[in-house]
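I opened the notebook to record what I looked up in this structure. The entries below follow the order of my searches.

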Amino acid sequence: MNDSRELHSVILNLNKNFSNNNGSDFSTIVNRQLEIKPNTEVALFAGNIVRAPIVIDSDTTLQVQFNSSFPNATQQSYSNIAGATITPLGQEADIVFPKGSYSTQGFCQRLCGIVNNDLIARTRDSNVQPFPEPDNTFMKQACPYRLYYVNNNGQFFLGLRYFIDDANLLDGNFKTTFLELNTGHSTSNGVTINGTYQKSLQAKTRVDDWSSWAMGNSPVRGGAYAVTEYPHNPEVLTGDIAFSQVQTKGALSVAPQAQEFFYCFSNTWNTEKWQVNGVQPDLARLYTDVDLPEGYLGAYFDMVSDTGSYTTQNVFIVANEELANADDIQINDANDRDAFLQRQYRILAQVNLTSLGIKMEDYNTFRWEFYCEDIPDNGLSPDNFNEKYRQYYFRFMTRSAYEQGANKIIYDSKQDSMTIGAEIVEGGYLFQQLENPSDPSKQVSAGLCPQFYFKNTEEDFTLLNPRANNIVTDLNQETNFTMQVLGIDYQFSSLFNNLSATTNSNPTDLKNVMGITEQSSFQGVIDLYDISTFNPNSYPVNPNEGGINQLNSDGNRYNIELNLPVRAYNNTQNIANDIGQQRTIIYNVEPVLDYIEPNQKGWISKNIQPNEIKYLSLNNPNSIKLNELKVQIRRAKTNEIASEINDASIELLIKKE
């Protein structure tokens with residue numbers, strides 16, 4: 001059956017030159033008076049609205065909170081913990097993200113700026129005094145994370161990443177410091193340390209023992225997933241890698257001269273016993289005729305210098321045979337510590353450096369790296385909080401001349417299924433927070449601190465420019481220590497709009513864009529927070545674990561209203577009034593987009609094409625005569641004018657009943 005009723009089309013376009021029209025509120029003059037006959041129906045046939053990709057319709061309170069960080073609860077419960085400790089990272093002041101329309105880049109830049117100001121402000125004085133009297137300088141503690149985003153070739157990331165300023169790699173944050181701290185013992189013995197930035201270390205006198213040594217003060221950072229690879233991954237920054245490295249420079253001699261050097265890792269908690277008794281370190285047996293200073297692991301160089309070359313230049317990668325089983329008891333109980341350190345060294349690898357094209361009389365770089373991978377927790381995590389547990393590995397490498405400057409990996413413990421206890425690496429966040437058993441008024445440190453021991457060398461063997469990614473940085477080589485506090489788990493949270501909240505804003509838009517979803521098991525006040533958790537150390541190795549990999553739609557829906565007697569009901573999300581109100585809504589527009597494309601730029605155009613034409617009755621027994629038609633586009637959840645709409649057009653079908 002044919003529908004012979006009158007059908008008319010009315011196309012309404014925005015004209016910004018008329019009557020202060022804008023994209024969400026505009027009128028169109030009718031050339032001749034528009035007469036709508038009695039008992040007419042009207043429907044939206046098609047349309048278009050234009051707006052920015054992201055719209056936040058009200059100021060929204062956001063928080064960046066660390067749920068787990070070091071020193072963790074287990075470390076703070078140690079029996080040998082000092083009275084003054086570092087305060088773990090937590091939640092700071094609320095951050096207000098302003099309402100507005102944003103491009104993808106604009107949103108990320110604005111969010112990063114606001115969040116990073118908060119993270120920078122978390123630098124403060126601690127209650128730890130690492131230096132002896134009369135200095136009494138308090139160490140600062142800082143949050144070494146910045147909100148970072150990248151949008152490159154379709155790859156998107158927005159989240160916290162570990163950040164250390166590496167503008168000047170030869171000094172500042174990456175120096176290995178040898179300062180005298182409040183530990184009760186000396187940092188060096190029988191060694192000359194020259195220079196402020198480009199330090200050189202030499203034994204003063206050639207002696208046939210290990211009494212010439214220098215110990216770095218600061219442990220190497222924990223929680224690092226990245227390693228140095230070739231070709232270099234441009235997303236990996238120096239601060240992402242837990243490393244310690246040094247340059248060596250040997251010298252030829254007029255007669256054969258045996259030389260030995262041990263580049264190892266220990267800490268002042270381990271060395272406090274032998275340092276108060278004398279200058280010779282306690283030794284552990286490597287094999288029948290070699291004893292080495294006690295420690296966790298190291299590289300032992302066995303060399304012979306002669307007139308033409310180094311005739312012997314071997315390096316042995318060694319580790320305490322109980323290294324994989326070491327845990328927090330080795331940094332909590334002096335007796336267990338001593339028993340552990342006295343265990344024999346295991347040889348993990350032996351390499352003739354000559355086979356690698358290395359000449360010890362030249363400048364050579366040797367480097368340690370410590371990295372972790374996530375494995376199922378199985379109840380092993382120190383805090384029993386995270387679903388994953390960090391398994392640590394280590395590797396030793398050298399700069400190989402025959403590979404045009406590339407790093408040559410001499411040993412990687414992962415290939416040997418050799419691990420190091422997470423508690424040993426992450427114990428570095430107890431820097432100057434353990435009581436010295438020999439003098440409880442002094443504080444010592446745990447972690448992996450680089451140590452350098454010399455035997456039968458003097459000016460013919462020099463160390464240059466020792467560097468490390470330190471937990472504690474010393475920017476001016478004096479007493480300006482700052483501890484970079486490691487976070488393990490963080491979240492973005494957004495306050496709900498309810499009676500107990502401190503703000504009147506509705507956080508739905510921001511939550512939708514950032515994908516903040518409710519995980520009530522992770523927090524106590526279920527009705528206040530929506531939570532998504534990430535690992536701030538994961539980027540760039542595991543971007544999916546480190547933050548947000550896609551921005552979503554803000555979820556804003558719009559109602560198109562006309563100055564016609566159309567009846568519709570719309571309820572809102574306002575606190576004061578959420579009841580349905582009668583409105584003249586002709587159509588409800590779905591969200592402009594489902595998710596934001598990584599390369600989304602400029603304005604978003606949403607074409608409105610109803611799946612089915614829905615006619616609404618005007619219920620007009622008499623004719624309606626209009627000189628103009630007025631269009632308003634309002635946010636469906638608040639009934640407010642959608643000021644973010646930049647342009648709009650609609651086509652109406654008018655049909656007599």
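**Entry: seven-strand sheet.** I looked up an open sheet of 7 strands and found the order E12-E15-E28-E17-E20-E21-E22, with antiparallel pairing. Strands here are DSSP runs of at least two residues (E), helices are runs of at least four (H or I), and both are numbered from the N terminus. Two strands count as paired if DSSP finds at least two bridges between them. Strand E12 (188-189) and strand E22 (345-352) stand at the edges with a single partner strand each, so one side of each has no neighbour in the sheet. Strand E21 (residues 310-320) pairs with E22 over 7 bridges in the antiparallel sense. I noted that Asn 314 stands opposite Asn 352 in E22.

**Entry: source of the coordinates.** The model is predicted: local features need pLDDT of at least 70, side-chain atom pairs count only at pLDDT 80 or more, and totals for chains, interfaces and linings use all residues. Residues are numbered from 1 along each chain as its sequence is written, and side-chain values use heavy atoms, with hydrogens and water left out.

**Entry: Gln 313.** I then looked up Gln 313, which is placed in strand E21. Its relative accessible area is 4%, so Gln 313 is buried (buried is under 20% relative accessible area, exposed over 50%, partly exposed in between, with a 1.4 Å probe and protein chains only). A polar atom of the Gln 313 side chain lies 2.6 Å from the backbone oxygen of Ile 358. A polar contact is a pair of N or O atoms within 3.5 Å; within protein, one must be able to donate a hydrogen and the other to accept it, and residues adjacent in sequence count only if both atoms are side-chain atoms. Leaving aside neighbours within four places in sequence, the residues in contact with Gln 313 include Asp 302, Met 303, Val 351, Asn 352 and Ile 358 (contact means heavy atoms within 4.5 Å).

**Entry: helix H3.** Which strands does helix H3 touch where it packs on the sheet? I found that H3 (residues 268-275) touches strand E15 (212-215), E17 and strand E28 (449-455), and its direction makes about 145 degrees with that of E15. Axes are lines fitted to C-alpha atoms, for helices over the stretch in contact, and angles run from 0 to 180 degrees between N-to-C directions. H3 is largely enclosed by the rest of the structure, because 7 of its 8 residues are buried. Among the buried residues are Trp 269, Glu 272 and Trp 274. The cover over the buried residues of H3 includes E15, E17, helix H4 (334-341), strand E26 (434-436), strand E27 (439-444) and E28. At the start of H3, a side-chain oxygen of Asn 267 comes to within 3.1 Å of the backbone nitrogen of Trp 269.

**Entry: charges over rings.** Trp 269 came up again, as the charged end of Arg 337 sits over its ring, 4.5 Å from the centre. The criterion is NZ of Lys or CZ of Arg within 6 Å of the ring centre and within 35 degrees of the ring normal. I also found Lys 655 over the face of Tyr 615, at 3.9 Å from the ring centre.

**Entry: aromatic pairs.** How many aromatic pairs does a search of the whole structure find? The search gives 38. Rings of Phe, Tyr and Trp (its six-membered ring) pair if their centres lie within 6.5 Å; planes under 30 degrees apart count as stacked, over 60 as edge-to-face and the rest as tilted. Phe 261 and Phe 461 have ring centres 5.4 Å apart and planes at 50 degrees, so I logged the pair as tilted. Phe 261 lies in strand E17 (residues 257-266) and Phe 461 in strand E29 (residues 461-468), so the pair ties together parts 200 residues apart in sequence. Both Phe 261 and Phe 461 are buried. Trp 368 and Phe 370 form a stacked pair, with 6.3 Å centre to centre and 10 degrees between the planes. Trp 368 counts as buried at 0% relative accessibility, and Phe 370 at 1%.

**Entry: strand E16.** Strand E16 (residues 242-250) is mostly covered, with 7 of its 9 residues buried. E16 runs antiparallel to strand E23 (residues 363-376), joined by 8 bridges, and Val 246 stands opposite Phe 366 in E23. E16 also runs antiparallel to E29, with 6 bridges.
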